[in-house]
Amino acid sequence: MARRAVLFGLDGVLFGPGLQHFLGSCERDCALPRNFLRKVMFAGGADSPYAKAMRGQITLSQLFTEMEEGCRQHASASGITLPPTFSVTRAFKGMAAEGTVNAPLLQAARVLRRNGFKTCILTNNWVDDSAGRLFTATLMNLLRRHFDLVIESCRFGARKPDPEIYAYTLDALQAKPQEVILLDDIRENLKPAQEMGMATVLVRDTETVLKELEELSGVQARRGEEPLPTACDPSNVTHGYVPIRPGVQLHFVEMGHGPVVCLCHGFPESWLSWRYQIPALADAGFRVIALEMKGYGESTAPPDVKEYSQEQICKDLVVFLDKLGIPQAVLVGHDWGGAVVWNMALFYPERVRAVASLNTPYRPADPSVDIVEKMKTYPAFDYQFYFQEPGVAEAELEKDIGRTLKVLIRSTRREVGVGLRVDLGAVPLVAGGLLVGFPETPPASQILHGPELRYYIQRFEKSGFSGPLNWYRNMRPNWRWALSAKDRKITMPALMVTAGKDVVLHPRMSRGMEEWIPQLHREHIEECGHWTQMERPAALNRILVEWLEGLPPDTPLPKISRL
């Protein structure tokens, strides 16, 4: 019978070192006999302080109280003198301060999940009412994003190795024992699972565990090609809607807690283009807000072309931040979203803590040459003139939305054959449209397929392409507005991420940005085309997290009003 579910222990498996390690450290620090704390914690078997805490009969603070009393009694009976500074909580504080998530095992869980396996954390855990309970909340919140199911003994009323918790888990997964693999660092916890028919792995060192997991699952779980990060699911994430003014609302997706990072997508995309970044940035301690830009999906698509000028888009974004009560945010944009975040940094610098752009460089407006005439000198931008006549490009792009998206959104790194015409170099448009010459049934895109492609199609079926195309129909208004700020500099910390294989927004277009952005930090991904968030998500996540973590600390909000 094929295996299709994997159960991961938490303490000593996904997170370590385990509690036993920190109990030992506490014993050494306090000059106590080896296993002194373990004997107290497990004294009484099924009625031990540990067992009761794992079943949720007592809380963690009550466990501390019972263990402190048990230690005093055991020390007195054994002729041991406890040091004046002795405290059971020291071991638990050490675990919170020094323990880490096992990144290779977490990555293996992600790979298994992408290969159709159900993944579950099955953990003996306590109800944490201690002063350090934020640690438990943060850890469990992070892990729940990456697993299909989390089962904690304290919520169920039974603990490993009680057989009933395994039966409950199988029922929750709707799986037979022969379809399940269990990873645990305690041999006693594996025995009931083995007797039921599960495959088991005793966790000692990570490399051996990964090898056994691959053999049992048939899935390459160790690092090979750059792994895909966890992606968020549109049906399992928080959605919000902000009324900007009568007839205009913006839709967004939100995750995480901490300093605000606002993500702005480009054409022809969706907030879902950030699906790999949203969980990663939330895990790193940020409140992530991914906008669905005006004209797209569930955001309003007003018919007036002026609604899509950069000036109006930025005004709307300020109202959006106001209505969410966000004085300042880090803004990250891609493609047209990159233009938005640069303009926000220029025109509304007080609202921008820091700014980052993927692929889209910043250049100040040139008053000496009309923007339309200048654009005509770049053959790679011919498609933008094709977009100018209302209704023409809409008819072509909306005829078969699935075909349109499969042709346009492709990786230049891993795919051969079909690609975005303008992403293949300065090739003039063929008479008849943007998609002329491409197959009627293009092969699947490696970076947008399956449920994600279907979601994109549904969004464009709802909004159409008029709104997104109207962004291109404001060349001169955008230029005139930018001219009013042509001598300004962008003074806050800034990040420019260039992509070596993006032929339209080529890295060379970003030369000289330091003259206008004194605090510019650069990063470059050579093997990457235009769709950076989807083509190289792991590399981009590392860049963004490192840059964000290196920003100056958030300034405390001024106490302007206590109303």
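This is a predicted model: local features need pLDDT of at least 70, side-chain atom pairs count only at pLDDT 80 or more; totals for chains, interfaces and linings use all residues.
Residues are numbered from 1 along each chain as its sequence is written, and side-chain values use heavy atoms, without hydrogens or water. Local features need pLDDT of at least 70 and side-chain atom pairs count only at pLDDT 80 or more, while totals for chains, interfaces and linings use all residues.

Select Leu-250, Leu-291, Met-293, Lys-294, Ile-313, Asp-316 and Leu-317, which line the largest cavity, a space of about 60 Å³. A cavity is a set of points on a 1 Å grid over the protein atoms alone where a 1.4 Å probe fits but cannot get out, and lining residues have an atom within 4 Å of a point; the volume is the space filled by probe spheres set on the points, which are joined across faces, edges and corners.

Next, select Arg-245 and Glu-307, which form a salt bridge with their closest N and O atoms 2.3 Å apart; the term requires a side-chain nitrogen of Lys or Arg within 4 Å of a carboxyl oxygen of Asp or Glu.

Finally, move to Arg-473 and Glu-394, whose side chains meet in a salt bridge (2.9 Å, N to O). Both Arg-473 and Glu-394 are buried, where buried means under 20% relative accessible area, exposed over 50% and partly exposed in between (1.4 Å probe, protein chains only).

Methods. On a 1 Å grid over the protein atoms alone, a cavity is a set of points where a 1.4 Å probe fits but cannot get out, and a pocket is an open set with protein on both sides within 12 Å along at least five of seven lines; lining residues have an atom within 4 Å of a point.
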